[in-house]
Amino acid sequence: MRAPVEKGTENLMAMRLLETPAITVLRRAMDAYALRQRTTASNVANLDTPGYRRLDVQFEEALARARRRYKAGFSLQPPQATQARLEAAYEGPVLEDELMTLADTQMRVAVVVRALQHTFRSLRMAITGRTAG
């Protein structure tokens, strides 16, 4: 006979299942790209604002550092290692550059979404033993 499970324990177990380093890094990537989209929108909105300095989100460098550490045999420690950072540039925004940033971020989001789909598909297959449905 199975021992009774306290209310909320199953949800906690499910949440822990979703807190793998890979999923956490992908979640951080989505957070960083969402921040980049908002920052780029702010840059576009302030194209004609005198004295406005372009804002940029730094994420890929932190991700590359975490990846190098992981390949070197260290555990992937996403909480601090993959944190996005907001920086102000010395120059004002340029519309063409902001549009390129939007397109680049859109492509990066598509890659992360595909990685998340693959991860969750593998997780579902491990739990259910089925490949589809």
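**View 1. Helix 2 passes helix 5 in a left-handed crossing.** In this predicted model, helix 2 (21-45) packs against helix 5 (residues 95-128) at an angle of about 160°, and their axes lie 9 Å apart. The two are therefore roughly antiparallel to each other, a label for angles over 145 degrees. Axes here are lines fitted to C-alpha atoms over the stretch in contact, and angles run from 0 to 180 degrees between N-to-C directions. Left-handed means that the near helix is turned anticlockwise from the far one by less than a right angle. Helices are DSSP runs (H or I, at least four residues) and strands likewise (E, at least two), numbered from the N terminus.

**View 2. Arg54 sits in the loop between helix 2 and strand 1 (55-58).** Arg54 is buried, with a relative accessible area of 13%; the cut-off for buried is under 20% with a 1.4 Å probe, protein chains only. Its side chain makes a polar contact with the side chain of Glu98 (2.6 Å), meaning a pair of N or O atoms within 3.5 Å, one able to donate a hydrogen and the other to accept it.

**View 3. Helix 3 (residues 60-71) has twelve residues.** From first C-alpha to last, helix 3 reaches 16 Å, close to the 16 Å expected at 1.5 Å a residue, taken as 1.5 Å times one less than the number of residues. After helix 3 comes Gly73, with a positive phi near 105°.

Residues are numbered from 1 along each chain as its sequence is written. Local features need pLDDT of at least 70 and side-chain atom pairs pLDDT 80 or more, while totals for chains, interfaces and linings use all residues, and side-chain values use heavy atoms, leaving out hydrogens and water.

Terms used
Buried means under 20% relative accessible area, exposed over 50%, partly exposed in between (1.4 Å probe, protein chains only). Angles under 35 degrees count as roughly parallel, over 145 as roughly antiparallel, 65 to 115 as roughly perpendicular and the rest as oblique.
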